[in-house]
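Welcome! Here is a short briefing to read alongside the structure, with the points grouped by topic.

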Amino acid sequence: MAAYVLRRLLYGIPILLGITVVTFLLFHVVGGDPARMLAGKMATPEKLAEIRHELGTDRPMFEQYLEFLRQTVTFDFGRSWQEKRPVGELIVAGLAPSLSLAVPAFFLETVLALALALYCAFYRGSFVDRSIVVAAVAGISIPSLAYIIFGQYFLAYEWKMFPIFGYAPLPGGVAFLLLPMVIWVLLGLGSEVRFYRAVMLEEIQQDYVRTAAAKGLPTGRILFRHVLKNALIPVITRVVISIPFLMLGSLLIELFFGIPGLGNMTVEALNRSDFPVVKAFVVIGSVLYILFSILTDVLYAWADPRVRLR
Amino acid sequence: MPLLHRALLACAAVAAAVVVTAALSACGTDAYPGEPPGTLHTYVVSEMKGFDPTQAGEETTTLLVLNLYDQLYEFDYLARPFRLVPCLAEAMPEVSADGLTYTIRLKRGVRYADDPCFPGGRGRELTAHDVVFSFLRLMDVRVESKGSWIFAGRLAGLDAFHEATKVAPKNPARAAYTAAERYPEVPGLVAVDDHTVRLTLTEPYPQLVWTLAMPYGSVYPPEAVATYGEEFMNHPVATGPYTVAEYSPAQRVVLVRNPTYRAETYPTAGAEGDAAVHGRLDDAGKSLPLNDRVVVTVFKETQPMWLYFQRGFLDRVGVPKDNFDSAIDPVTRELKASFRDRGIELDKDPRLEVIYDLFNMQDPGVGQGEKARAVRRAISLALDQEWATRHMYNDRVSRVDGPILEEFPEFDPAFRNPWKRRPDETRAQVLDRARKVLADAGVDPRALPPIEQDVQESTIDRQLFLASQRDLAELGIQVKAHTSTWQEMQERIDRGQVQTCGLSWGADYPEAQNFLQLFYGPNKPPGPNGANYQNPEFDRLYDQAATMQPSAARTALYRRMQEIVVDDCVWVVRYRRLQFTLRHPWTYGYRYNDLSPKYFKFCRVDDAARRGANAEANRVAFGPPLAIGAAVAGLLAAMVVVARRTKRGW
């Protein structure tokens, strides 16, 4: 397994290089001149030259790319062009708010989706199964912005069930995170239930399930020990690959609820052409994605003894 | 109990926990439980980027810097037309007869707020040396200042200093610019003694005094820069009415009263009509600041900001575009009764700006020659701005005829832009006039190649383009869009690739020169003359007026310059936005000023009135949470019933 992991890590290097090249070109060829934005309305050629010099964007492209590679290796992305603070410091500051929303919400969403999917698969064709499937499809069809706007307006403003806006660190700030969490769960629940229901249905119709039932095993044991465990591979794929995205935060929810997380920061950085911050997000996101892909493979072997990592 | 039922019960418990916690937290939806009285709640619409005055290039930093720091001068809070009054200065500057030397005497006894950067943590008295240091730092290239333009080329020796900073090592904690470190002397910026500053200009610059009221003109102690270095941006040390108690750039900043703030009082006289405005002069003569705390919250989306105001968690709000119809009557353009009944008041203030369509005057199609001028004039006439005002802007804009706004002393009330629709003219008449302009110049609009308009990627810009396309089609002029971001458009303007595009310019100070510089030849891109307009007569008049102190003769020159650019139709002069602000009845003293939003110290909130109103607005409704809980319970019950009745489906 160690050799497999090492080989996958090595495969990750060219992928990461490709990502850095694309990101660099997008910002330097398509993205325009950041000095123009920073110079403001009273720009002069001299002022623009000064800013380019300070940012280092007047250096040859290859030299700038090498600097980007150095930053990628050292994970030191310098200072934000807008905030004038170290990028690492900004990311650390945004990580806790993002995770305090994303982790419990994602956990709740996954548990609820698995439970509902298992129920639907087991009682397939029943009134409740059909209702849940219809609700799931309807839920998927509604744009995410609608959930946020209606949730904030009705649940928080009209019915005063939750605070409208704001954030405070946990545990004191749990009230601020409840509504964003509910919206997060509702946003993802439809597609998760549909996916897991399909997985469970396929598994529940396998011969070994019928054999287990014929042997007289209790229903719960069949469902949770056998069906759920054998359905774990697609579940692991979906769950583990989602984890890097949790760290990058939820863009819209954070914006609307004033959660100072990484999603919020990403939008701000893109709007302001803050290349050091965008670079950091792209590289960290890519590295996490590669690492969690490898972790997924490792977990396959753990979940299914038939899988061999070579 | 079967395992499946247990799982269902677990799910039920989770759902019930959410509902119960929500119901319980509902009792805590007051945004500021336990807050001390005397707190003003206001907001910004973008993330805060610190408090360094050299970085005050955008709205949020400008607001924070102006309200924390003091400048030599500030705008009279209530006076309209705008005028300056001394802030740190004792009086208005003494200007030499040749207009080159400004002597400014400082108030005595103005102290910095206590801060660990001072010996013993006790703030010292502000001196003229601090003014010199702050202005030099503004010109330091290594500080990446956004405001060096206010002094560039103006003060004797300052450009040489600016050049010297380019080769100096970067030092964020630099607290002095000494000859030992090869910084040249700056004869144009001298502390004559502890309480006198002398500014010597390279040539007369009558607008200088306005720039001294800008956030870039803020004064701070070198000790703060030395102590905090790069973190100075997050540790303001100032003589202003507040100090920072809590700061989270993406969330909020809490300011508290500076106990060592100098004696200052609310103005006793306002502009015409101020006496009739609720809360405008109620605190006349009272000691400033009028509140003990200010909480500035970051709202990047307008919906939560609007809901916060409605619940009484914000004391004032600019009406967001998306909520305009819910607050403002579509016919009368006044506040709806549902808001008036709650005592909420509406202020309508025109912004000091011009929204315009720029033509690239170097472009052969729309810029060069008599025929191109006729095309520009015809376009200006044919664009149906009345329709756009009504349907695109909900009447949130007002007509502008030229670049000199009515708040400026040089404004000519008799001036009418001949290339705009007259109030008494019908759409058909103005189109006939446009056709005649083209015909007189021998232009066949159908033979013209399509004009390319740069359009930004927002819905409103796209809609405005479609409206322009429709309007000009009535003349037979075709327009096509070139979609770009703001940044791309600026770069295309710099490279002279834009034919026409929509832009706006907000005033930096209330003088015609601030807008007329947009037509001055040497200010060509990347400078503010985005139209690349080159007119020798205009440039000559501009040069002549630039060194003149305010006078009737200078006003005449500015008016003549306005006539030239309007006659040449360099811009389609469109309109200016109206700022609609709502105030709760417990908010006193708020006055909109987009030039200098220095209002924190002048605002007061009536805590008793706010508490009473908020208790009513925030009364918890128990019905909806219970209904949602019942719905969840019903779903779970149905699941259990199905589980019991359904035959297992292996």
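Let's begin with helix 3 of chain A, which spans residues 45-55 and has Lys47(A), Glu50(A), Ile51(A) and Leu55(A) as buried residues. Viewed down the helix axis, the buried residues of helix 3 of chain A fall within an arc of 125°, so they line one face of the helix. Keep in mind as you explore that this is a predicted model.

**Around helix 3 of chain A**

- Helix 2 of chain A, residues 34-39, is part of what covers the buried residues of helix 3 of chain A.
- After helix 3 of chain A comes Gly56(A), and the phi of Gly56(A) is positive, near 85°.

**Where the two chains touch**

- Chain A brings 55 residues to the contact, and chain B brings 54 residues.
- On the side of chain A that touches chain B, helix 5 of chain A (residues 87-122) gives the most, with five residues.
- What kinds of residues make up the side of chain A that touches chain B? They divide into 32 nonpolar, 12 polar and 11 charged.

**Strand 17 of chain B and its partners**

- Strand 17 of chain B covers residues 500-506, and five of its seven residues are buried, so to speak a mostly covered strand.
- Seven bridges link strand 17 of chain B with strand 13 of chain B in the antiparallel sense.
- Within this pairing, Tyr356(B) has Leu503(B) in strand 17 of chain B as its bridge partner.
- Strand 15 of chain B (residues 451-456) pairs with strand 17 of chain B in the parallel sense, over two bridges.
- Here, Asp454(B) has Cys501(B) of strand 17 of chain B as its bridge partner.

**Strand 18 of chain B and its partners**

- Which way do strand 11 and strand 18 of chain B run relative to each other, parallel or antiparallel? Strand 11 (residues 316-318) and strand 18 (residues 571-583) run antiparallel and are joined by three bridges.
- Val317(B) has Leu582(B) in strand 18 of chain B as its bridge partner.
- Strand 12 of chain B (residues 345-350) is joined to strand 18 of chain B by six bridges, again antiparallel, and Lys348(B) is the bridge partner of Phe580(B).
- Strand 13 of chain B (residues 353-359) also pairs with strand 18 of chain B in the antiparallel sense, over four bridges, with Ile355(B) opposite Tyr575(B).
- Strand 14 of chain B (residues 397-399) pairs with strand 18 of chain B over three bridges in the antiparallel sense, and Ser398(B) stands opposite Arg576(B).

Key: Residues numbered from 1 in each chain as written. Chains lettered and ligands numbered in written order. Predicted model: local features only at pLDDT ≥ 70, side-chain atom pairs only at ≥ 80, totals over all residues. Pairing = 2+ DSSP bridges. Contact = placed C-beta atoms within 7 Å. Nonpolar A, V, L, I, M, F, W, Y, C, P; charged D, E, K, R; others polar. Buried ≥ 20, exposed ≤ 12 C-beta atoms within 10 Å, placed from the backbone. Arc of directions from axis to C-beta.
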